[in-house]
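Have the sequence and the 3D view open side by side.

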Amino acid sequence: MQLKRVVVTGLGALTPIGNNIEEYWNALINGVSGAAPITHFDAAKFKTRFACELKGFKVNDFIDRKEARRMDKFTQYAVVASDEAILDADLDLDKINKLRVGVIWGAGIGGLETFQNEAMNFGAGDGTPRFNPFFIPKMIADIAPGHISIKNGFMGPNYTTVSACASSANAMIDALNYIRLGHCDIIVTGGSEAAVTQAGVGGFNAMKALSERNDDYKTASRPFDAERDGFVLGEGAGAIILEEYEHAKARGAKIYAEVIGGGMSSDAYHMTAPHPEGIGVIAVMKNCLENAGINPEEVDHINTHGTSTPLGDVAELKAISEVFGDHAKNININSTKSMTGHLLGAAGAIESIASILAMENGVIPPTINHANVDENINPELNLTLNKAQKRDIKVAMSNTFGFGGHNACVAFKKLVE
């Protein structure tokens, strides 16, 4: 069976450094930090009192007030980002076959704020169950693609992938395969997350995953730096329109890039810690290269998972050196989490968007906040430190890993007709 080719025809972003694609890209190439003191709740007693929240976002500028109240923030973010991507793709909703348009979304946690608030309200009461009738449909992780499909009438496959921080990368790989196999013409994919809540920050603090650099929060997300002390929690959404190549050509669509492959693996090692030798990460990148049908020497750019944790960053870079050998030093490696923080289930989507835009514009966004060399990291690797670098990118890869040992990697290629 001849697999269909799959291309990217639309992008949407709602991030801590920009509320649309243009703002997001400009902030990326200019090395803007999205970290700031938490405003969603009083964090005075928390070990970490900062995060990468959205800035200046007013949901009622995009969604009717009554409708917005029926959505958790993670769903609001999903709807807004997907609206931008659908508009960017110039989809004529009256002409496309909606039975062949799906929505495959990623969310690692889902409606955490909704769950937290309902539980806190019940706990503060006298034991009488008084729950919001929208509690369950606001909370469940699959509701975001449900809202996207209902709004637009998309009747193809519709579900959420949940694999912690690899969720939206897994969603993209599923979307890629549905189109490759001829089951769909178009899929809206990506991910969203809204975990900057008391439960989210408190929970990650308890497991010592978050940076506690409260006195220097703007530089707290510092992947590959010797003094990194954990990730910075972020929120937002990224949406990508994947489309069958001939379908896109027939309607005269703008094409950003071709999606040429995806890889998946498991560390099979620990609930939260990466394997110290990066065995699962080695496997996922090899799987992605094989699935894409390319050689390691063809890769120009890797957007790493690069969360700014002491163990994770070293393990990932060791794995890159193992997979790419001597070519590793020729690859522009970066971590855009240095700017956006870690968007958990949405990370794979917004970081893939960063790689797609880097390919389109010939510029690699920097890994900011790097000041101290880590002796455990190969000094020959080009980590694109502190300043964007110009580069003609023909092939880019994006790594995303999740608690539980879930690994996903997606490969993009500059379109060759």
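Start with helix 7: 11 of its 14 residues are buried, so this helix is largely enclosed by the rest of the structure. Buried means under 20% relative accessible area, exposed means over 50%, and partly exposed lies in between, with a 1.4 Å probe and protein chains only. Helices (H or I, at least four residues) and strands (E, at least two) are DSSP runs, numbered from the N terminus.

This is a predicted model: local features need pLDDT of at least 70, side-chain atom pairs count only at pLDDT 80 or more, and totals for chains, interfaces and linings use all residues. Residues are numbered from 1 along each chain as its sequence is written, and side-chain values use heavy atoms, with hydrogens and water left out.

Which residues of helix 7 are buried? They are Ser167, Ser168, Ala169, Asn170, Ala171, Met172, Ile173, Ala175, Leu176, Ile179 and Arg180. The length of the helix checks out. After helix 7 comes Gly182, with a positive phi near 85 degrees.

Now move to strand 6, residues 186-193. Eight of its eight residues are buried. In a regular strand the side chains alternate between the two faces of the sheet. On one side of strand 6 sit Ile186, Val188, Gly190 and Ser192. On the other sit Ile187, Thr189, Gly191 and Glu193. Both faces are covered.

Strand 6 has a parallel partner in strand 4 (residues 101-106), joined over six bridges. Two strands pair if DSSP finds at least two bridges between them. Ile104 stands opposite Thr189 here. Strand 6 also runs antiparallel to strand 7, with eight bridges. Glu193 stands opposite Gly236 of strand 7.

Strand 7 is mostly covered too, with nine of its nine residues buried. Gly236, Gly238, Ile240, Leu242 and Glu244 point one way. Ala237, Ala239, Ile241 and Glu243 point the other way. Strand 7 also pairs with strand 1, antiparallel, over eight bridges. In that pairing, Leu14 has Ala237 as its bridge partner.

Next, the packing. The largest nonpolar core has 44 residues. Such a core is a set of buried Ala, Val, Leu, Ile, Met, Phe, Trp, Tyr and Cys residues joined through side-chain atoms within 4.5 Å. Val8, Leu11, Tyr24, Ile240, Leu242 and Ile356 touch the most other members. Elements that give two or more residues to this core include strand 1 (6-14), helix 7 (167-180), strand 7 (236-244) and helix 13 (347-361). The core draws at least three residues from each of domain 1 (6-251) and domain 2 (262-413). A second, separate core of 33 residues includes Val80, Ile96, Val101 and Ala237.

Neighbours within four places in sequence are left aside. Its contacts (heavy atoms within 4.5 Å) include Val8, Met172, Leu176, Ile187 and Val259.

Zoom out to the whole chain. It is divided into domain 1 (6-251) and domain 2 (262-413), with bounds from an automatic or database domain assignment. The C-alpha centres of the two domains lie 21 Å apart. The contact takes 64 residues from domain 1 and 62 residues from domain 2.

UniProt, in an unreviewed entry, lists residues 3-414 as "domain: Ketosynthase family 3 (KS3)". Its positions are given in the numbering used here, feature names are shortened, and annotations may be inferred rather than shown by experiment. Over residues 3-414 the chain is 33% helix and 18% strand, and the end C-alpha atoms are 18 Å apart.

The unreviewed UniProt entry also places an "active site" at Cys165. Cys165 lies in the loop between strand 5 (158-161) and helix 7. Is Cys165 buried or exposed? At 9% relative accessibility, Cys165 counts as buried. Not counting residues up to four places away in sequence, Cys165 touches His305, His342, Leu344, Gly345, Ala347, Gly348, Thr400, Phe401 and Gly402.

Finish at Ser355, in helix 13. Ser355 is buried, with a relative accessible area of 0%. Leaving aside neighbours within four places in sequence, Ser355 is in contact with His301, Asn303, Ala396, Met397 and Ser398.
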